[in-house]
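Good morning, and thank you for making time for this presentation.

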Amino acid sequence: MREVKSHPLCSFFLALAMLLCLLLPAFQKADRVDAADASNITIQMHDLKTGVAIKGGSLVVYQVAKKDSAGKFQYTSQFSSVTKSISSLSQDQIMTADFANTLASYVTANQGKLSGVSAQISDSGEASANVEGDAVYLVTQDTAASGYEKMNPFCVVLPYTVDGKSMSNIIAQPKMKKKTTSLPKHPTTPTTPSSNKTPSTPSTSKKVKSNPRHPSVPTIKENKKTPSATNRVVKSLPQTGQLNWPIPLLALLGLTFFTWGWAAQESSER
């Protein structure tokens, strides 16, 4: 009986097709994980007294820490030199003004060495940034709006948990203050008598209330709408996830060497 031998290329493409079929579920699972891991931070800038939206200026969002396999936060490589430990801190301890100021001081001391995401504040007083979940972020103001002081830096833990509810897309409303102009020591104009003062009109605008759980940080609530990032990425966040693109490339390279060796062996046996 005559033995029928298949061409090496046929075997190669058959093996490649089988390998791709085996890898397809893995890629689909990775896509689902990435979609579930996506989070968003929206910052709404409003006047502390009037509640009017404040436009202009820019914010910078830094990824400070990520959760490890044990579920504890560990600093990213660019914040690894921070002396204060974060692994033992709870959400409430991380989201304090003192801890945010510690991180902000570290950023200032390492100006130009750290990467983050820059978000421009729109005319509606909003800035938004798409980020990863299971992480801690520091939000700072790089450029202040005209006539206003820079907002105080604050930290956000994502997902943010309150009353047993976990939120991946959040809205932060920091407390903004106008710049105060110092009065001259010796004014040249007489002081206006108190009887001639114009009575102040009570404001009807809604004021931004402080968060009872974190009185020293912005009010934080869930963003129920589909967030759309308005940030302009000037420095990308450090990538700590697994890269999937080398898998098919390495598999193809391995199959190429396997087929080449197989074909060489078949030729030497003839």
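Let us begin with strand β11, residues 169–173, which is joined to β13 by 4 bridges, the two strands running antiparallel. Within this pairing, I171 has K221 of β13 as its bridge partner. Please keep in mind throughout that what is displayed is a predicted model.

The pair belongs to a wider arrangement. It is part of an open sheet of 4 strands, in the order β6-β1-β11-β13, and the pairing in this sheet is mixed. Which strands stand at the edges? They are β6, residues 126–132, and β13, residues 219–222; each has a single partner strand, so one side of each is left without a neighbour in the sheet. From one strand to the next, the twist averages 20°.

I turn now to the chain as a whole. It contains 4 helices and 14 strands. Of its 270 residues, 36% count as buried. The chain exposes about 17500 Å², and carbon and sulfur atoms supply 56% of that area. If we consider contacts between residues at least 6 apart in sequence, 76% of them join residues at least 24 apart.

The next topic is strand β3. This strand spans residues 58–67 and is mostly covered, with 9 of its 10 residues buried. Which strands does β3 pair with? One is β5, residues 117–120, joined to β3 by 4 bridges in an antiparallel run; here S58 has Q120 as its bridge partner. Another is β7, residues 135–143, where the antiparallel pairing extends over 8 bridges, and Q63 stands opposite Y137. There is also β4, residues 73–75, which pairs with β3 in the antiparallel sense over 3 bridges. In that pairing, K66 stands opposite Q74. The hairpin of β3 and β4 has 5 residues between the strands, and in it G71 takes a positive phi near 80°.

The largest nonpolar core has 50 residues, of which F79, I86, I94, L103 and I170 touch the most other members. The largest share of this core, 6 residues, is contributed by β3. As a general remark, nonpolar side chains in soluble globular proteins tend to be buried together.

Where is F79 placed? It sits in the loop between β4 and α2, the latter being residues 91–94. Is F79 buried or exposed? Its relative accessibility is 0%, so F79 counts as buried. Setting aside residues up to four places away in sequence, F79 touches Y62, Q63, V64, L103, Y106, V107 and L114. For one of these contacts, that with Q63, the separation in sequence is 16 residues, and the C-alpha to C-alpha distance is 8.7 Å.

Some backbone details in the loops also deserve mention. The peptide bond from L158 to P159 is cis, with omega near 0°. P159 itself lies in the loop between β8, residues 154–158, and β9, residues 160–162. Two aspartates have positive phi values. D134, in the loop between β6 and β7, has a positive phi of about 55° although it is not a glycine. With a relative accessible area of 33%, D134 is partly exposed. D163 is found in the loop between β9 and β10, the latter being residues 165–167, and its phi is likewise positive, near 55°. D163 is exposed, its relative accessible area being 67%.

Finally, I come to confidence. The mean pLDDT of the chain is 76, and 62% of its residues reach 70 or more. Where is confidence lowest, and where is it highest? It is lowest in strand β14, residues 231–232, at a mean of 47, and highest in β4, at 97. Over residues 27–36 the pLDDT stays under 50, and the model has 4 contacts for this stretch beyond four places in sequence. The pLDDT is also below 50 over residues 200–215, a stretch with 24 contacts in the model beyond near neighbours in sequence.

To close, I would ask you to take away two points. Thank you for your attention.

Definitions and conventions. Residues numbered from 1 in each chain as written. Heavy atoms only, no water. Buried < 20%, exposed > 50% of the residue type's maximum accessible area, 1.4 Å probe, protein only. Contact = heavy atoms within 4.5 Å. Areas by Shrake-Rupley, 256 points an atom, 1.4 Å probe, with all protein chains shown as cover. Pairing = 2+ DSSP bridges. Core = buried A, V, L, I, M, F, W, Y, C linked by side-chain atoms within 4.5 Å. pLDDT = per-residue confidence, 0-100. Axes fitted to C-alpha atoms, helices over the stretch in contact; angles between N-to-C directions.
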